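Keep the viewer open beside you as you read.

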Amino acid sequence: MLDIKVIRENVAAVKQAMLSRNKDVDFEQLLKWDQERKVVISEMESLRLKRNEESEKIGNLKREGKEPSLDLLEEISELRNVIQQQEEQLLMIENQIEDFLINLPNIPDSSVPIGKDERANKVIRFVGKPKEFPFEPKHHWEIGEKLGILDFEVASKISGSRFVVLKNEGCALERAIISFFLDIHKEKGYQEIMTPYLVNGASMRGTGQLPKFEEDVFKCEDDLYLIPTAEVSVTNIYRDDMLDESKLPQKFVSYSACFRRESGTYGKDTKGLIRNHQFDKVELVKFVAPKDSDMQLENLVCEAGHVLELLGLPYRVVLLSTGDMGFSSAKTYDLEVWLSGDSMYREISSCSNFKDFQARRMNIKIKYKDKKKEFLHTLNGSGVAVGRTFAAVLEYYQQEDGSVIIPEVLRKYTNFNIIRSKK
């Protein structure tokens, strides 16, 4: 959530920032509510001061053995009523302000390219070079079905479209990728954490999924939601907490299943593992001091990319434009892995710096040695998406006979070096 003080003091710049995110915002009503709030607070302070003075008079009279006059008692009663009305008015104004602010996206960092959509994204670097195949490479769903490790037909019967059943070596490969990612990130100083897959509405609002993306998530009973990413549950572990400067940065790695409706992607990626309603992911979350967040974002990108490099998968790093970034992000890099079946790069990780946007919504602060307090910065990134890694491995390491070589770094987890067709 944005700081209303920033809007108040820089309304033209904030309006321009919203325009760069394809959102035309009229701040006139917000600033009017902000002014009304100041007036009401000032009036309440005056009334409370007067009430305290009159109460003191009554106390003095009683200590002298005298009864206060009816006029004085009525005045005190009227002051209480007016103050209560002012408190109700203040609450209404603050709720209106919060409802306005909670629907505003984050302000893009000055280094983010301005543009309406992905066409303005900037490719930062390529890592690795896609190999040439001596045959026509197949898509991962074709490979997986022929090897008997992916079954989309059975999944459709069980759950509907955009689900998959893993079988045989496919189960082992999925677990191997997850374990490999967790081990590598823990070597880099991340603490492993497992959090619930069901979270409450406050947690979803804290990270920015609500109210903006309510149609994209699966809502259950009792105000509980299936997580679209472990970012939600992990980032909320410190909601309403204050962390000492000496304890930062804090870095967490978490495996979870993730659940998304993909409501805005009708007709896209209907085959395979790229855009399913349920998928596995290893997530990286950081809590950092504001002065370190830019550097921590660059490190996060390198840490996410490191696992792809160890797997030998070519990828590229893309800086997203203002029109293509997520709602809560101030700056996002996408890592796009090479998929040989399509001969193109596809997103496998998004690494974002939210600055104080999420921390303000969740009330997570940092306490410095000099007792100064401020909202800390949060970052997160896929480290990386497991299903898309599974797809990339099948496509990049496929052989002409239909078999798939297992990358060397995964073999101690799978206990096999190759997947062959059983037919």
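What is the order of the three strands in the open sheet? Their order is 7-13-14, and the pairing is mixed. Before the rest, a word on the basis: this is a predicted model, in which local features need pLDDT of at least 70 and side-chain atom pairs count only at pLDDT 80 or more, while totals for chains, interfaces and linings use all residues. Residues are numbered from 1 along each chain as its sequence is written, and side-chain values use heavy atoms, with hydrogens and water left out.

1. From one strand to the next, the twist averages 30°, where axes are lines fitted to C-alpha atoms (for helices over the stretch in contact) and angles run from 0 to 180 degrees between N-to-C directions. Helices (H or I, at least four residues) and strands (E, at least two) are DSSP runs, numbered from the N terminus; two strands pair if DSSP finds at least two bridges between them.

2. Within this sheet, strand 13 (residues 365–367) pairs with strand 14 over three bridges, in the antiparallel sense. Lysine 367 has lysine 373 of strand 14 as its bridge partner.

3. Now find strand 10 (residues 315–319), where four of the five residues are buried (under 20% relative accessible area; exposed is over 50% and partly exposed in between, with a 1.4 Å probe and protein chains only). Strand 1 (residues 122–127) runs antiparallel to strand 10 and is joined to it by five bridges; phenylalanine 126 is partnered there with arginine 316. Five bridges also join strand 10 to strand 11 (residues 331–339), again antiparallel, and leucine 319 has tyrosine 333 as its bridge partner.

4. Glycine 189 follows helix 7 and has a positive phi, near 95°.

5. Finally, look at threonine 414 in helix 13 (residues 411–414). Threonine 414 is buried, with a relative accessible area of 7%. Leaving aside residues up to four places away in sequence, threonine 414 touches Ala172, Leu173, Ala176 and Ile406 (contact means heavy atoms within 4.5 Å). Its side chain also reaches the backbone oxygen of phenylalanine 416 at 2.8 Å.

Definitions and conventions:
Polar contact = N/O pair within 3.5 Å; in protein donor to acceptor, adjacent residues only side chain to side chain.
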